[in-house]
Amino acid sequence: MISRKSDSGKAGALRDDIPWISLAIFGLVCGLVIVLFGWSAQSGFLKSANLRAEDSYYNLLVQGFRAGQLHLKLEAPPGLAQLADPYDPALNAACIRDVGDMSYYRGKLYLYFGVTPAMALFWPYATLTGHYLPDKAAVVIFFTLGYLVAAGLLRALWRRYFPEASIWVAGVSLLAMGLATGILQDLSRCDVYSVAYSCGFAFTMLALAAIWCALHEPKRQVMWLLLASLAYGLAIGARPPLLFGGIILLLPVAQAWRAANEPGSRRRVGLLLAATVGPVMLIGLALMLYNFLRFHSPFEFGTHYQLNGKYHPTTARLFSLDYVWFNFRFYFLKPMGWNAHFPFLRPVPLSPLPPGYCEVTDPYGGMLSNYPLVWLALAAPLAWRGRSVKVASSLRGFIAAVFLIFVTCAAPLCLFFAAASRYVLDFLPALMLLAVIGVLGLERALAGARVWRRIARWGWSLLLAYSVAFNLLASVEAHALANCFAGDTLLAQGRVDAAIEHYHRALALWPEFATSRCRLGNALSQKGLGDEAIIQYQEALKIEPDSAEVHNNLGTALFQKGLEDDAIIQYQKVLEIKPDSADTHYNLGCVLFQKGRANEAITHFQKALEIRPRYAAAHYNLGYALLQKGLVNEPMTHFQRALEIQPDNAEAHNALGDCLL
């Protein structure tokens, strides 16, 4: 039998256990989780669908460093310099297809994502091997490192403070740290974003581990605080929003200050403070110098020079109190709906976005409802109840550090002007670690009450099972979404067959994925398979009858087949759902003109231009319809306007020539 003894009256007591048994179980669980990480990892398609490792953003940054420059080893698109405002999404769409989410400053391209991954992994790997590391491999490495450190922390907590908890309780808790923290979802698209988040996660866990050691090994406290400060400084370098969590570094110093009774011990506190502040401050100064050399401001990471097709970086309100309630609901309260089809999840939309808000890019928020195990974080205070003052002090200090990571990382996200499920990697692992401590605290508190402990075990086991199941199902959807996104990228590049393959992969994971069926229909239509495309659109409408996009695309496919009356019905349904769709007004105008209903067609072309004044095709077709009615001056105006927007429109040049003649 495994003997146990309580540590409540003795500081630093360890579990009297057979070490190899616990190590074997922990190793088995860790191995299972890590294998799942590697199996789930899928390359992203942010830049292109045929991306070589050396062309990924971080490797382009490394190539720039090796060439003695701070900007990426990539020439900026020449069209950007010719734009009146290169950051205006209405103007730069054609120029930023291959440089999206980079920063553009004074003719050069920079990376606004944290520099730590390049310095800690990508550059050393390139130097040692002569090859460049793919983003997918980097993400798996960082997540694996962070998870193994979290596993070591959990084992240390269990052995030192919770001998009442059985090995299977500790093992299952370890499973929660790997399969209920959103990591599997992020692995579905290993792009530059995931590199930054996974790196921040890894170094945050390393900082927590060093703080644990500093709290429990007073003789080597200076060394551990130096390492904690270094690790957290690198975490900030990967994810600057983690800055406020740096307060955790002061907890061992505060503990030493409270325990200091003699002048010599006060001097030691000063040494501890220097060890705590030194590395993180040096890294902070290095980051400020790095920013100044790039953007002539120590506090500019490149977000105000970002190239994107969604918002203007210099005018957007990135942070505001107006966003707090919306973001809080998304991250903590938003439930996930359920349906009868695999993978069974159904996103529940939130209320309209606050003024100035950008977007919600992923549907999986709602930590308190979708990961209900986190409610056990409320039981974390049970961990130190009834212990000696010395033992409770160290344990409370560590739990306080985990809690502060959670709070200080969640708060900035609630102020931010966008929300995404991948952002939860900044705070969900810390919250889940608190929940696991709560589970162990319950096991200890109910050690003498077998019936209540059994009831509690059933309760938290169900919460854990739900949390893991939700995360696994959400990761299936995330992988389907990633394949659909890859298909979109391939289709935009004209690689229709490869796009169709990815859409089929998405549907194999999620058969009721209406968007993927619609995009598959688009690809089939481009390939000339109109009948098959119509079938996909019709199947998509069975899933989402009110999808304006599907009705519109089905109308176009029917029009191409010569079924004009059926196409008109589909376009009219779109306008019932989305009256301000400029494309649908334009498409309906084309069909009506084809049927000889010129006056109705002109009305819809005009409506399309009211909604989107810079719609070159609508200007051309409106001019052509007016020209067919015998008018000349008004059509000339529209042909000229079309050519201002699209100078290489040969048909508009020809039509304008006819008017002039």
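## Helix packing

A crossing of two helices is right-handed if the near helix is turned clockwise from the far one by less than a right angle, and left-handed if anticlockwise. In this predicted model, the crossing of helices α7 and α16 is right-handed.

Helix α7 spans residues 167-179 and helix α16 spans residues 428-445; their axes come within 10 Å and cross at roughly 165°. Because an angle over 145 degrees counts as roughly antiparallel, α7 is roughly antiparallel to α16. On the α7 side, the contact is made by Val169, Ser173, Ala176 and Met177. The α16 side contributes Pro429, Met432, Leu433, Val436, Val439, Leu440 and Glu443. By class, the residues of this contact comprise 9 nonpolar, 1 polar and 1 charged.

## Aromatic pairs

A pair of aromatic rings is described by the distance of the centres and the angle of the planes. The whole structure holds 42 aromatic pairs. In the pair Trp325 and Phe328, the ring centres are 6.1 Å apart and the planes lie at 20°. Planes under 30 degrees apart count as stacked, so the Trp325 and Phe328 pair is stacked.

Both residues belong to helix α13 (residues 324-333). Trp325 and Phe328 are 3 residues apart there, which means a separation of about one helical turn. Trp325 has a relative accessibility of 53% and counts as exposed, while Phe328, with a relative accessible area of 32%, is partly exposed.

## Aromatic cluster

Trp325 and Phe328 are also members of one aromatic cluster, together with Phe330, Tyr331, Phe332, Phe403, Phe406 and Phe427.

Key. Residues are numbered from 1 along each chain as its sequence is written. This is a predicted model: local features need pLDDT of at least 70, side-chain atom pairs count only at pLDDT 80 or more; totals for chains, interfaces and linings use all residues. Side-chain values use heavy atoms; hydrogens and water are left out. Axes are lines fitted to C-alpha atoms, for helices over the stretch in contact, and angles run from 0 to 180 degrees between N-to-C directions. Helices (H or I, at least four residues) and strands (E, at least two) are DSSP runs, numbered from the N terminus. Angles under 35 degrees count as roughly parallel, over 145 as roughly antiparallel, 65 to 115 as roughly perpendicular and the rest as oblique. Contact means heavy atoms within 4.5 Å. Ala, Val, Leu, Ile, Met, Phe, Trp, Tyr, Cys and Pro count as nonpolar, Asp, Glu, Lys and Arg as charged, and the others, Gly among them, as polar. Rings of Phe, Tyr and Trp (its six-membered ring) pair if their centres lie within 6.5 Å; planes under 30 degrees apart count as stacked, over 60 as edge-to-face and the rest as tilted. Buried means under 20% relative accessible area, exposed over 50%, partly exposed in between (1.4 Å probe, protein chains only).
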